[in-house]
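Me: I have a structure open and would like to learn how to read it. Can we go through some features one by one?

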Amino acid sequence: MPTILDATSRPLRIIVSFVVGCGLFFGGVCGASAQGAIDGRILFQQKCSTCHTIGGGDRSGPDLWGSMERHSQDWLIRWITRPDLMIAERDPIAIELLEQFKGFAMENVGLTEADARAVIDHVRAETATTAPASATQAPPGGYPTPPFGGVQLAAWAVFLIFAGAIALVFGWVWLSTRNPQDVDVKRAYAVRRTFFFVVASLLLVVLGATLQDTPYAEADTKADRIVYVAARQFDFVYSLEPIVSTGDLANVLVVKRLELPAGATVEFRGTSLDVNHGFGLYGPTRQLLAQTQAMPGYVNRLRVRLDEPGQYYVFCLEYCATGHHLMQSRLVVK
Amino acid sequence: MRKANTHTLYWIGITLVLFPILVVLGIYMRTVQFGQLPATQSWFYPMMTLHGLGMVGVCYAASMACAVDALRRYIEPSGAISWLALAGTVAGVVLLLVSVFLGKFAAGWYFLYPLPMRGNWPAWSTVMFLSAITVLGATWLIWSVDMLRAIARRYSLSEALGWHYLAGRTEPEVPPLVLITTVSLIACVACLVAGVIALALSFADVLGGVRSDALLMKNLTFFFGHVLVNLSMYLGLAVTYEVLPEYAGRPWKANKIVALSWNTVLVVFLAAYFHHLYMDFVQPVVVQYIGQVASYISSIPAAVVTLFGALMLVYRSKMRWNLASILLFVGLAGWAIGGGGAGIDSTILVNMKFHNTLWVPAHFHTYMLMGLMLLVTGYFYHCCQAATELPEKPSFHNLVILLLMVGGYGMLFMFYLSGAASIPRRFAVYPAELAHGAGYAGLGALFAALFLVGLIVFFVEIGKRWIRAFRVAV
Ligand code: HEM
Ligand SMILES: [Cu+2]
Ligand SMILES: [Cu+2]
């Protein structure tokens, strides 16, 4: 007996199987991502690094360098798994910390006890191998605003002049409509021809002047020092031996405090162990000196001469997820 | 009175709703960067993703809607596909909202591979996000192809591209609108194809675990993003060529120079996308140079033909200034200023110091916000005003323009200043070493709020006309 259901059953079956398929698929994907051994470093990056650093100074939460030694293991596990509960129970340590952080409460990020243990181990291990935050703390009163200089200043000036000129021309044309009059099209075309030659020759001159001085042209010069840089979510790892993959990390000597001689031409060989990052080198006045991308599967060679002695800063210049703005490092030129 | 097209009215409605919401997200981001609202910090990157992709999508769809509306004088797009474009865009936006709000997806607007698969958001939100892009991409591809089909029914391809002008003939007369739209649509098909390949490879990774080459994906992604943003701009210019003459009372026709200029644009601006990969030193060096040369060359037709032509059209004309014509006029200025900022950054030497600093959002916000968005809203106002002919209040309208200009350029000035001061883009919070970035962010948020006030007042003005026109049309 033909029913309405029969007539629609084919499309219906397709829809039902599509929906079921999607359900299975999402279930599978979510299940798959929940499996595997617990990695404290990854958990820390994903769940804690938006608010905490280990040795990088306070963020919205306290610097965790050494904090594992300040509390009992039991307290730590309870705090990390259920901070909301402990604040509600008015745990004295929790309340004191909360006051220190002006009432901004730590989030419950949904870790299990085993997760918490893995994170605690990771923080302990990092504390043992990195310098404390006091070595990298901001000066009292904060850093002064850096001066403008070099290419940045020149580009800024060119831009202001250009934008001003455009504004003036548009203003002038706008005012001209107050006393309308026919324009001589022939003359306008003659002006346009001149304009074309002016613009074209200007561009040619700038091309000629700037294309000689690109970062690629220096590929055949010799570097005094080679430093390998591996970027990963969310830090930079330095070594004097090649790093290409995560496996290399166990086999090379990692340089914790990078010091380079003043006046040396240094070649940074940058790669990434996960997503795209940017290796942005800032000078002692915290202006960008040079940069290159750090890309998985490739090695970019960035050559810079580090003339000025002092503290240099490295920031990540390619967005790489939640901890992007925390991804930074330092080096010293002596 | 000129009855408004129903589809266009729907697009205007969608834009009037989405645009202010996305602007609020922009103000929110500047506020977080100023150090306020710390408790919402974890929403910064999801909102950045939504704002960026949402804005680029609104700009593209709105400028396409303008071009389609203006083209209806000459050609006839398919009714069914016009509905599909609306429905597909809305469906894509819904998927996008779910992925960002429920899944906190935050890979940035161009979701550079392999970040979508390696973030701290759940895998389902990545699939949802990629599905959203697939729906939008497929819809827009069909929309573009249908428009090309409609153009081809009236003009041959060589006519639509103005090649007969190049050969010295002046017949048949092809309006610049048709010429520029054809150029844009061809570019659009190319860019969406690149987008589809990048999407397919992303799906292969998230579903099948098949890894792709990061450099290949970067090239595909930036080709897609660069072309999509630029062609939206060109569509905005195309309707300006069509409408500004009505207000100036003078013709603005295609000729040999105009045809030559837009054909040059088609070839050159595609090659200019290499300027996004200057800092990938493993790219072949020759394409880096091509990137800078192509970027520089593409400024010549823009400045010498389009800008000069527009200024010549208005110079000493009996211009009828109202909200529509003023917005089109200042929109052209914004496009030019943003182009200057882009040109500076497309110099490899400078890019070394500006790449991924706030100079990048600075220049593209100049030509998208103070350029394209003003062209598009100017055209929308033009449609609604023509359909209703309500009385206009010039002094009030000048106030609206003043608010938009002071707010918009104030906000942009803070972006440029931050860029020149080496403040990185896409930092939710600035580290102590770059704390001066927070001050610029605070001022930027204030100016942006001023812009928003102007925008809301303007939208009330256009909204009144929109409701009337809508009642008549539906
Ligand atoms: C008053 C209006 C607007 C404000 C206040 C605003 C603000 C912002 C801010 C603060 C950012 C993040 C900057 C950073 O990287 O740190 C941003 C990014 C962005 N904006 Fe806007 N914006 C506005 C209008 C627009 C418009 C009209 C467009 C049109 C295309 C747009 C497209 C984008 C894009 C594509 C991004 C990059 C997103 C990413 O990096 O993934 N915005 N905007
Ligand atoms: Cu990063
Ligand atoms: Cu571009």
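Me: How are the donor residues of the copper ion (ligand 3) spaced in sequence?

Reply: This is a predicted model, where local features need pLDDT of at least 70, side-chain atom pairs count only at pLDDT 80 or more, and totals for chains, interfaces and linings use all residues. Residues are numbered from 1 along each chain as its sequence is written, chains are lettered from A and ligands numbered from 1 in the order in which they are written, and side-chain values use heavy atoms, with hydrogens and water left out. Donors are N, O and S atoms within 2.8 Å of the metal (3.2 Å for Na, K and Ca); water is not among the atoms, so sites may look incomplete. Here the spacing is H-x48-H-H.

Me: Which residues are the protein donors of the copper ion (ligand 3)?

Reply: They are B:His226 through ND1, B:His275 through NE2 and B:His276 through NE2. Helices (H or I, at least four residues) and strands (E, at least two) are DSSP runs, numbered from the N terminus.

Me: Is B:His226 buried or exposed?

Reply: Buried means under 20% relative accessible area, exposed over 50%, partly exposed in between (1.4 Å probe, protein chains only). B:His226 has 7%, so it is buried. B:His276 has 25%, so it is partly exposed.

Me: What describes two packed helices?

Reply: The angle between their axes and the distance between the axes. Axes are lines fitted to C-alpha atoms, for helices over the stretch in contact, and angles run from 0 to 180 degrees between N-to-C directions. Take helix α8 (residues 150-176) of chain A and α10(B). Their angle is about 25°, and their axes are 9 Å apart. They are therefore roughly parallel (angles under 35 degrees).

Me: Which residues make the contact of α8(A) with α10(B)?

Reply: Contact means heavy atoms within 4.5 Å. From α8(A) come A:Val169, A:Phe170, A:Val173 and A:Ser176. From α10(B) come B:Leu307, B:Leu311 and B:Val314.

Me: Where is B:Thr240 found?

Reply: In helix α8 of chain B. B:Thr240 is buried, at 1% relative accessible area. Not counting residues up to four places away in sequence, B:Thr240 touches B:Pro245, B:Trp252, B:Leu328, B:Leu332 and B:Leu375.

Technical notes. Parallel < 35°, antiparallel > 145°, perpendicular 65-115°, else oblique.
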